[in-house]
Amino acid sequence: MTSRTGRFFWRSTGALYLFLLLPALSVGQETTLTLDQALETARTRAPILLAARARIEEARGRLKGASVLFQQNPSIETEAGPRFSTPNNFTDVDVAVTQEVELGGRRKARMAGAQAGIDKEIAGSEEATRRLLREVAASFSRALGARERVRLLTTTEKLAQEFLQIAERRYRAGDAAILEVNLSRTSTARARAELRLAAADLSTELGDLRVLLGMRIGESIAVTGDLHDRGTYEEGLLLTQALDGRPDYRALQAELREAEADVRLGEGFKWPDLGFGTRYKRDTGDNVYQGGLKITLPVFSRGQELRSTGSARASRIRLEMDALRNAVQHEVSSSFETYQGKMEASTELERGALPSLAENETLAKRSYEEGEIGIAELLLIRKETLDTRLAYVNSLLEAKLAEIELQFRGGVLR
């Protein structure tokens with residue numbers, strides 16, 4: 001059997017699989033998703049991503065506060081009272097308006113820190129998206145693998161039923177013992193049980209996928225796709241572009257800018273605060289107008305905490321960035337090697353094992369029907385055939401999961 005013929009086999013019993021799958025799905029209209037559609041649904045509906053995006057708006061609120069021209073509101077002081085004197089009494093009034101102004105670029109530093117906070121939350125949202133998409137893609141692929149196993153075991157159960165009918169027919173003709181019929185019945189029952197277990201696994205995988213996609217109760221989904229579909233990757237290109245596509249690295253860059261802004265803000269507290277004001281007084285009947293200047297000397301509080309913690313934080317973040325740069329290189333290389341190895345394993349099964357399976361199955365069926373082999377040999381051939389096909393499905397799934405991990409590590413999945 002050629003590779004094309006092998007793939008035709010996997011698709012040949014789709015109607016039977018669909019008939020089996022429908023009762024296990026939730027009541028209501030069913031949505032069939034491709035992998036791309038599942039990923040897009042996750043981007044727009046997943047609760048964890050909606051919460052991450054809401055944190056961006058929280059960070060923008062900090063920028064609004066940092067952008068205000070004056071961090072302190074103007075103050076008004078008023079005093080009034082009678083003055084008793086001879087020969088006349090007076091009512092004295094004292095009104096002062098003061099506005100304090102920061103120096104040393106503190107407003108600019110606050111705005112830079114707030115903008116870095118926004119960038120960090122955006123990168124954090126993208127990192128949450130990246131991690132969720134890995135889970136969605138893996139869950140979707142496992143559902144595809146479960147669907148393939150259901151389809152394969154549906155065919156196997158049908159063949160087991162045919163073999164049972166052959167055994168019963170040979171027994172009635174006197175060509176086989178009752179033992180062969182009993183063994184065939186046992187084999188058929190096992191095939192049915194394995195099919196039910198595979199259908200239950202498929203329901204579990206679809207349930208997990210619904211949770212990840214944030215679907216409501218009553219919404220049911222099915223998956224469509226082919227585990228053979230894979231991308232083409234170049235290790236060198238992935239290594240070069242990995243950091244640019246990794247939002248966790250961009251989050252560290254934003255956090256570093258935030259720490260550096262705190263240091264600059266602390267430096268700004270070395271400058272004095274200025275307060276400008278005007279005062280009106282009514283003193284013994286005379287109107288008095290004055291202007292004022294207030295200088296707060298930075299003698300004790302000079303931003304020491306901001307400078308110290310900001311510098312230490314920046315040093316720590318630089319170490320984390322260096323560690324992440326090194327880790328990304330190793331992650332991409334090892335993920336690429338893993339993907340290549342698992343892809344080669346599935347290719348080996350596809351080329352070396354699958355082509356002869358259908359022929360062996362047909363020959364074994366004919367040989368048993370004609371009495372050339374016994375039931376034990378038939379069941380052994382059936383088991384080997386089923387195990388090989390299941391191993392092939394698992395190898396395809398393993399290769400797909402390795403590809404998803406490579407996309408995740410290389411910053412492709414986002």
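In strand 6, Asp-286 is the bridge partner of Asp-283. Helices and strands here are DSSP runs, helices being H or I of at least four residues and strands E of at least two, numbered from the N terminus.

Before going on, the conditions. This is a predicted model, where local features need pLDDT of at least 70 and side-chain atom pairs count only at pLDDT 80 or more, while totals for chains, interfaces and linings use all residues. Residues are numbered from 1 along each chain as its sequence is written, and side-chain values use heavy atoms, with hydrogens and water left out.

Back to the hairpin. Two residues lie between strand 5 and strand 6, and Thr-284 there takes a positive phi near 50°. Strand 5 and strand 6 run antiparallel and are joined by 11 bridges. Two strands count as paired if DSSP finds at least two bridges between them.

Going through the remaining pairs, strand 3, residues 90-101, pairs with strand 5, residues 273-283, in the antiparallel sense over nine bridges. Within that pair, Val-101 has Leu-274 of strand 5 as its bridge partner.

Strand 1, residues 30-33, is joined to strand 4 by four bridges, and the two run parallel. Thr-32 stands opposite Ala-222 in strand 4. Are the faces of strand 4 covered or uncovered? Both are covered: Ser-220 and Ala-222 on one side, and Ile-221 and Val-223 on the other, are all buried. Buried means under 20% relative accessible area, exposed means over 50%, and partly exposed is in between, with a 1.4 Å probe and protein chains only.

Next, the surface. A nonpolar patch is formed by Phe-276, Leu-293, Ile-295, Leu-297, Val-299 and Phe-300, with about 700 Å² of accessible area together. Patch members need over 30% relative accessible area and no salt bridge; like charges are joined within 9 Å, and nonpolar side chains (Val, Leu, Ile, Met, Phe, Trp, Tyr) within 5 Å. Areas come from the Shrake-Rupley method with a 1.4 Å probe, and for residues only the protein chains shown count as cover. Phe-300 sits in the loop between strand 6 and helix 9, residues 304-352, and counts as exposed because its relative accessibility is 73%.

Now two residues in helices. Thr-156, in helix 5, residues 106-172, counts as buried at 10% relative accessibility. Not counting residues up to four places away in sequence, Thr-156 touches Arg-382 and Leu-386, contact being heavy atoms within 4.5 Å. Arg-43, in helix 3, residues 35-45, is partly exposed at 24%. Its C-alpha atom is separated by 9.6 Å from that of Arg-130, 87 residues apart along the chain. Leaving aside neighbours within four places, Arg-43 is in contact with Leu-49, Arg-53, Thr-129, Leu-133 and Arg-414.

Last, charges. How many salt bridges does the structure hold? There are 40, each a side-chain nitrogen of Lys or Arg within 4 Å of a carboxyl oxygen of Asp or Glu. Lys-270 and Glu-267 meet at 3.1 Å, N to O; Lys-270 is partly exposed at 34%, and Glu-267 is partly exposed at 35%. Glu-320 and Arg-316 meet at 3.3 Å, N to O. These two are four residues apart in helix 9, so about one helical turn separates them.

Lys-383 forms a salt bridge with Asp-387, with the closest N and O atoms 2.8 Å apart. That pair is also four residues apart, in helix 11, residues 375-409, so again about one helical turn lies between them. Asp-387 is partly exposed at 34%. Separately, salt bridges that share partners join Glu-127, Arg-130, Arg-131, Arg-134, Arg-246, Asp-248, Glu-331, Glu-405 and Arg-409 into one network.
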